[in-house]
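Have a look at the model first.

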Amino acid sequence: MNIKEVSAEGLAREMQITVAAADLAAKLETKIDSIKDQVQLKGFRPGKVPIAHIRKTYGQQLMGEIIQETVNESSQQMLTDREERPAMQPEIKLVGEADEIMNGSSDLIYDVTYEVIPPINLADFSKMKLEKPVVDVDDAQVTEAMERLASSRKDFVARGKTAKAKDGDRVKIDFIGRIDGEAFEGGAGEGFDLELGSNQFIPGFEEQLVGCKAGDKKDVEVSFPEEYGAAELAGKAAVFECTVHEVSEPKDAEINEEFATSLGMENLEKLKEAMREQIGRDYEQMSRGHMKKDLLDQLSDGHDFDLPPSMVDMEFNQIWHQFEHELENNQQKLEDLDESEDDLRSEYRGIAERRVRTGLVLAEVGSNNEIQVTQEELNQGLMQRVQQFPGQEQQVFEYFQQNPEAMAQIRAPIFEEKVVDFICELADVKDKSVTLEALMAEPGADDSDKPKAKKAAAKKAPAKKAAAKKPAAKKAAAKKAPAKKAAAKKAPAKKAAAKKTAAKKDSDKT
């Protein structure tokens with residue numbers, strides 16, 4: 001194998017590798033010799049097929065495999081010998097005619113272009129100072145949490161027959177919808193419990209039932225939204241003939257021993273303890289978010305090295321794509337914003353550079369200290385992701401299992417958290433008492449150099465490129481498996497899946 005450096009400017013490299021045709025021929029002979037006893041061809045006894053016949057029958061296929069193996073092995077050996085780490089998957093370009101290489105009349109010559117990860121001199125993390133914001137959990141917070149829990153488990157108690165329904169009440173109704181006087185599929189329901197003000201039905205429906213009492217009949221006149229899930233109903237005016245059978249008012253559950261036992265707790269005191277512990281865990285998670293943001297900022301500011309342009313471009317393109325997607329969701333255009341496109345691109349490229357720099361530092365720390373993600377941790381991360389898609393668990397699980405790049409998305413944040421933990425153990429971390437408002441604020445919300453709040457696409461600051469050694473792992477999962485979730489949420493607005501929900505609003509969005 002001969003290696004020739006074609007160019008080396010900055011972090012960019014172009015190499016040309018030559019493998020002699022004689023070496024490929026020798027590998028072909030070795031390959032044929034290794035399979036000759038297993039080859040079975042019609043007219044020959046097993047293991048008795050002549051070498052020349054094997055070469056004629058399988059030579060092209062075997063040589064193709066040999067060339068692929070040789071390219072992989074020789075390019076990796078070149079990187080090892082040069083002690084270089086590619087930032088992205090190297091680009092391979094064959095030189096010469098493939099047919100001539102296959103038939104052995106030409107050497108295997110190919111060009112390899114790539115960018116390298118530069119040497120990274122890590123800071124002394126023992127000199128890093130971090131503040132961990134803390135808030136004590138007091139009795140008032142526990143009481144407030146208990147009240148919210150009781151409110152979420154509210155029940156409804158029937159009001160008198162002459163009581164008029166008000167916002168927040170629940171009405172039991174029968175209804176049948178008609179468009180141009182004709183009933184439509186999925187537009188009827190019986191004994192349906194509808195909480196007024198819940199926005200469960202399409203706009204204008206629930207408001208018209210306010211003031212009704214048990215026994216009333218009411219024609220509710222509404223129009224389906226233009227973007228309604230069922231195309232045959234979208235934008236059309238409808239009349240729903242409603243009969244009110246009962247009006248009920250909400251009643252929060254009483255916070256007592258019975259309430260505690262209904263939640264599976266031994267008694268009320270145990271419930272309070274559990275609530276206090278849960279609040280403490282929530283505060284701990286928010287506290288870690290603030291400390292981690294500070295840590296990542298210090299890692300970026302405390303390390304200075306050239307960044308592989310391809311990694312920055314890939315990160316920037318992802319941020320910009322997400323930004324454009326959010327603009328579209330908010331029905332905005334670039335010209336509607338306060339800043340010019342050039343200024344926005346400049347800001348987002350700065351964010352991309354910080355993410356790449358921080359990710360490379362985290363990867364270096366993990367590599368130098370042999371920090372790895374265990375299979376058990378990976379399995380737990382996968383199950384947590386799968387549980388985000390109720391009803392589609394099996395499909396999502398199979399998607400990740402069959403896509404290494406998707407699994408890299410599970411691995412990267414776990415790896416990042418382990419590296420952050422490692423650095424925090426070395427750093428000088430001090431608790432700092434703060435207000436609950438400060439703790440609940442978004443980490444880094446007061447940064448003067450942070451893009452405006454409207455640009456939410458850039459807010460995912462965690463350096464997800466911690467697994468920088470596999471930079472090609474894009475967000476494939478977000479493009480495929482999760483997309484099924486949106487369809488599942490919108491299903492109720494399409495047709496029968498609720499024989500009683502044709503009037504429901506198609507408002508669930510992912």
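Angles under 35 degrees count as roughly parallel, over 145 as roughly antiparallel, 65 to 115 as roughly perpendicular and the rest as oblique. This is a predicted model, where local features need pLDDT of at least 70, side-chain atom pairs count only at pLDDT 80 or more, and totals for chains, interfaces and linings use all residues. Numbering starts from 1 along each chain as its sequence is written, and side-chain values use heavy atoms, with hydrogens and water left out.

**Helix packing**
- The axes of helix H8 (residues 341–368) and helix H11 (residues 404–426) come within 10 Å and cross at roughly 75°, so H8 and H11 are roughly perpendicular to each other.
- On the H8 side, Leu-362, Ala-363, Val-365 and Gly-366 meet Phe-415, Glu-416, Val-419, Phe-422 and Ile-423 of H11 (contact means heavy atoms within 4.5 Å).

**Nonpolar cores**
- A core here is a set of buried Ala, Val, Leu, Ile, Met, Phe, Trp, Tyr and Cys residues joined through side-chain atoms within 4.5 Å; buried means under 20% relative accessible area, exposed over 50%, partly exposed in between (1.4 Å probe, protein chains only).
- In the largest one, with 48 residues, Met-128, Leu-295, Leu-299, Leu-360, Phe-400 and Ile-423 touch the most other members.
- Apart from it lies another core of 25 residues, including Phe-175 and Leu-233.

**Cysteines**
- With a disulfide taken as a pair of cysteine sulfur atoms within 2.5 Å, the count is 0.
- Cys-242 has its nearest cysteine sulfur, that of Cys-212, 8.1 Å away.
- Cys-242 counts as buried at 2% relative accessibility, and Cys-424 is buried at 15%.

Conventions: Axes are lines fitted to C-alpha atoms, for helices over the stretch in contact, and angles run from 0 to 180 degrees between N-to-C directions. Helices (H or I, at least four residues) and strands (E, at least two) are DSSP runs, numbered from the N terminus.
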